[in-house]
Amino acid sequence: MNWDLENEAIWMGGNQSQDESMRIAHLTMLQGVISRMGANSFTLKALAATFGSAAVAVMATVETPSPYYAVAAIVPMVIFWLMDAQYLRFERAYRDLYDHVRKGEEVEAYSLEATPFMKDTASVLRLALSWSVSWFYVAIFLSLGTVAALIFCGV
């Protein structure tokens, strides 16, 4: 009888160890997804800055600058702004999923499905206007607008 209890305790301990290993692997996978979201967000910011700089360079070097150059740069920058906010939205949902897994709450093993956590995350437009996203893009638009105004005023 004592032998059975010892084997059961060893088996249960092994199961707990396996569950913990699975949870750590799951958390590692989720951290990788969250890191990629942050890297994608950074890339979008770099692209937006590049478009803004390119528009300024083109307007400053052509003989007859056109406001269409600025508009041509603004359209993709607005798209990048919204995509950046969407990445932030997904990142927050994945962070919620990460917290559920970390706390040992009921989540399917190795699931990367963050859709159930999206309902608790702000909308894309609300996140686009949040301080962590908007200040960067507002600064780019203001600098582009200032340089464009200076060029068109002949300064």
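Student: What makes K45 and D84 a salt bridge?

Tutor: This is a predicted model, and in it the closest N and O atoms of K45 and D84 are 2.6 Å apart. The cut-off is 4 Å between a Lys or Arg side-chain nitrogen and an Asp or Glu carboxyl oxygen. The pair is within it, so the label salt bridge holds.

Student: Which parts does the pair tie together?

Tutor: K45 lies in helix α1, and D84 in helix α2, residues 67-102. The parts joined are therefore 39 residues apart in sequence.

Student: Why is K45 called buried?

Tutor: Its relative accessible area is 17%. Buried means under 20%, so K45 qualifies.

Student: And why is D84 called buried?

Tutor: D84 has a relative accessible area of 1%. That is under 20%, so D84 is buried too.

Student: How many salt bridges does a search of the whole structure find?

Tutor: Four. One of them joins the side chains of E20 and R23, at 2.7 Å from N to O.

Student: Where do E20 and R23 sit relative to each other?

Tutor: Both are in helix α1, residues 2-61. They are three residues apart, so about one helical turn separates them.

Student: Why does E20 count as partly exposed?

Tutor: E20 has 36% relative accessibility.

Student: What makes D99 and R102 a salt bridge?

Tutor: Their side chains meet at 3.4 Å, N to O. The limit is 4 Å, so the pair passes. D99 and R102 are three residues apart in helix α2, about one helical turn.

Student: How do you know whether R102 is buried or exposed, or in between?

Tutor: R102 has 41% relative accessibility. Exposed needs over 50% and buried needs under 20%, so R102 is partly exposed. D99, at 29%, is partly exposed.

Student: Which residues have the most contacts inside the largest nonpolar core?

Tutor: A48, M77, W81 and Y137, in a core of 19 residues. Helix α2 gives the most to this core, with seven residues.

Student: What is M77 in contact with, leaving aside its neighbours within four places in sequence?

Tutor: A48, F51, G52, Y137, I140, F141 and L144. Contact here requires heavy atoms within 4.5 Å.

How values were computed. Residues numbered from 1 in each chain as written. Predicted model: local features only at pLDDT ≥ 70, side-chain atom pairs only at ≥ 80, totals over all residues. Heavy atoms only, no water. Helix = DSSP H or I, 4+ residues; strand = E, 2+ residues; numbered from the N terminus. Buried < 20%, exposed > 50% of the residue type's maximum accessible area, 1.4 Å probe, protein only. Core = buried A, V, L, I, M, F, W, Y, C linked by side-chain atoms within 4.5 Å.
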